[in-house]
Amino acid sequence: MNPFPASDYIVAAFFLFCIATTVGGAFVAILTARVIRSVCGLMICCVGLAGLYFFLNSPFLALMEILIYIGAVCVTIVFAVMLAEPDEPPSGQNHGPGVLWGVVALVVSAAICWGLSQLSLRGPWVAPAARVNDGSIKAIGVSLLTTYSMAFELISLVLLVAIVGALVIARTGRTKP
Amino acid sequence: MSLPEPFRLLSFLVGVMAFVGFNAAYLVWVERKSAARFQRRPGPTEVGYAGLLQPIADGIKLLSKQLIVPPGADRILFMVAPLMVMIPAMISLVVLPFGGSLMARDINVGLLMMFAFGSINVMSIMLSGWSSRNKYAIISAARIVSQDVAYEIPMLLVVITLLMITGTMNLNEIVQQQEGWFWHWNLFRLNVNPLMPLTFLIFFTCMLAEINRAPFDMAEAESELVAGAFTEYAGMGFGVFFVAEYANIVVGCSFATVLFLGGWQSPFGLWSGVWWFLLKMYALVFTVIWVRWTFPRTQFYNLLNLSWQLLIPASLFTLILVAAMMKFL
């Protein structure tokens, strides 16, 4: 396959687009007052994140990001939003404790941001491998059940707790008269 | 002849869009004609021979209408929702193997890609319903979410069953495994899964529910919800949803063809090619239309009960059965 002129620039532009989508989606998610638009921002953010995963040579993870975070998580959030009140126009300015909590949140997030940037700038990172294994289902399955079995089991435990919790909450209102 | 990669992709993109547009226009004609035949009436006859130009006339009519955004609606989401319905269907077609070498992108996780982008569809129809601020649209949006969440589970379980048999998510390889006579198709691979036809039936049912087609078109139940999530859309806004519905039918049927019916493989091992793919796909598309005009719409609770009480246990059973058979045989 002959290289296409300016293909590097196209790739770079796409990479920047992914970053812009991730950051822009995150901003939409936090800056809007309507819950449904926040979910949309989260969705845009996930699409951008999937693009970044793709640039890290892991298309499987990128597609899983879309399938799980948009197809499942966002849909579930929206379902919960629908059961709640319809979104109302944002209420007036709230002062007092709101501002205090805002400052606390700002400090905490600035600290997290500083820590993460220190980690990402100083950390002994290796360049993303072009291909760790053949990326097939078999390879993913084997690594999930051998190398990462601990994380895998922990995640399934979390999900089990969530299911049991949902059952407990849903069952309490259903006592028979 | 080898075009540079971007040009090849671009030409495929144009081709896929033309394919989707053509299909949407003429499947509407097929639908109207066959519905008319099922109901013993002639259907469209006026525009062109046997009404063949009717879709074009309808398209021009829809394009020339004013786009109205209702005053209470969430303007941005209302305008974005039709686009979001259309794009995932197009992206899914990128990885679809139409023929042996006729596919835009041969990626390793093609099957997953179709599912990932298919799952966006729910979100976009839901957004269209929610942003309209119309009570029918909101009821329809709530129905769509619960319906698609319910049917996504058996569909994924069925596909996992199939994945265990094929061992690959590359759609082209899945087709190539089904080479030869028609009993090599995944539909008839009874030696690994004696319930394979049932699996296909579950898949087809879930596909009907996922693309919101009758008898599962609770989202667009025109006798109770006007037009469901699309009530407030005028002109081409509605037209895009209509096109997207047919695009999703084409994508779903192509997917069923590739996974179960051997894709572009010929049923007797000769003259394989894209025509076999199209033949099988359109047979399935016709079945979808046929089902719509044969069965009445289900009730919403029956719909959910069918999924949670019948399809999910059945698909779990086939999953365990296939796992056991692959382990011990």
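Tutor: Residues are numbered from 1 along each chain as its sequence is written, and chains are lettered from A in the order in which they are written. In this predicted model local features need pLDDT of at least 70, side-chain atom pairs count only at pLDDT 80 or more, totals for chains, interfaces and linings use all residues, and side-chain values use heavy atoms, without hydrogens and water.

Student: How many residues of chain A are in contact with chain B?

Tutor: Contact means heavy atoms within 4.5 Å. Here 27 residues of chain A meet 31 residues of chain B.

Student: How much area do chain A and chain B bury between them?

Tutor: Buried area is the accessible area (1.4 Å probe) that two parts lose on being put together, summed over both. For chain A and chain B that is about 2,600 Å², with 80% on carbon and sulfur atoms. On the side of chain A that touches chain B, α3(A) gives the most, with 14 residues; helices here are DSSP runs of H or I, at least four residues, numbered from the N terminus.

Student: How many salt bridges are there between the two chains?

Tutor: A salt bridge puts a side-chain nitrogen of Lys or Arg within 4 Å of a carboxyl oxygen of Asp or Glu. The count between chain A and chain B is 0.

Student: Which residues does Leu171(B) touch?

Tutor: Not counting residues up to four places away in sequence, its partners include Val95(B), Leu111(B), Phe255(B) and Leu259(B).

Technical notes
Helices (H or I, at least four residues) and strands (E, at least two) are DSSP runs, numbered from the N terminus.
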